[in-house]
Amino acid sequence: MYPEHYFNPVSMDVPPAEESLMQNTLWPEIQKLYGHGNELYSIAASSDGSLIASACRATSSDHAQILLWDTKTWRIVQQLAAHQLTVTQLSFAPNDRLLLAVSRDRTFSVYEREQEGGDFKQVMRSDKTNGVHTRIIWCCDWSHDSETFVTGSRDGKAVAWSRPHAEGTDGRRGCFTSNRVLELKNESITALAFGRKKLSDDRYLVAVGLEKGIIKLYALGQWNLLLNIDQS
């Protein structure tokens, strides 16, 4: 621990300079990453800290690519292309084998790698035949066991997606399918988060954040509302 005399309160009426931030914050900058054509919009880190996924504002498929960075070398190790517009959120599954992306183009994509250190390959992308959302998908999150994910959209829907445990003849598990849909009419869902363990009745706990500032807690089975948090 640093002695107390190392710290002095400072009043500022302008933003601090970059040099000041580097010298005085607990999280100093260690690396700048260059690779996107526009300003960064979404970012996620794997749970083991070995990979960072990033995406920027995009109006074309070229700029909508997801870049994967190795945190040991800070180099791009993979580029993932699936979307036409800005990827609004990225999320690694806790097992670090799956990566989820949701986009302004109203679709999501899932990537998987078979072994640690291997490349991610696209295993699913929603479209008109299997997609549920009709507006921008703002948010997503994985369950603690990496078996289920949820997506949330401006259309007021939160959708839970899961896939069968059994493997097919090719040794792979099937695609994720939507089996539980929460629809909040005249609302926009902007944030989602799973609880880090199941409830006592073996259901997932999911927090749903709305654009107007309300947070709703649900037990994910049939989307049973447990608590409504409204500080307005």
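**View 1. Asp202 lies in the loop between S13 and strand S14 (204–210).** Strands are DSSP runs (E, at least two residues), numbered from the N terminus. The model is predicted, with local features needing pLDDT of at least 70 and side-chain atom pairs pLDDT 80 or more, while totals for chains, interfaces and linings use all residues. Residues are numbered from 1 along each chain as its sequence is written, and side-chain values use heavy atoms, without hydrogens and water. Although not a glycine, Asp202 has a positive phi of about 70°. Its relative accessibility of 54% makes Asp202 exposed (over 50% relative accessible area, 1.4 Å probe, protein chains only).

**View 2. Asn186 occupies the loop between strand S12 (177–183) and strand S13 (189–194).** Phi of this non-glycine residue, Asn186, is positive, near 60°. Asn186 is exposed, at 82% relative accessible area.

View 3. The buried area, that is, the accessible area (1.4 Å probe) lost by both parts together, is about 1,800 Å², with 63% from carbon and sulfur atoms.

**View 4. Glu112 and Arg163 form a salt bridge through their side chains.** The N to O distance is 3.0 Å; the criterion is a side-chain nitrogen of Lys or Arg within 4 Å of a carboxyl oxygen of Asp or Glu. Between domain 1 and domain 2 the count is 1 salt bridge.

Definitions and conventions. Buried area is the accessible area (1.4 Å probe) that two parts lose on being put together, summed over both. Helices (H or I, at least four residues) and strands (E, at least two) are DSSP runs, numbered from the N terminus. Buried means under 20% relative accessible area, exposed over 50%, partly exposed in between (1.4 Å probe, protein chains only).
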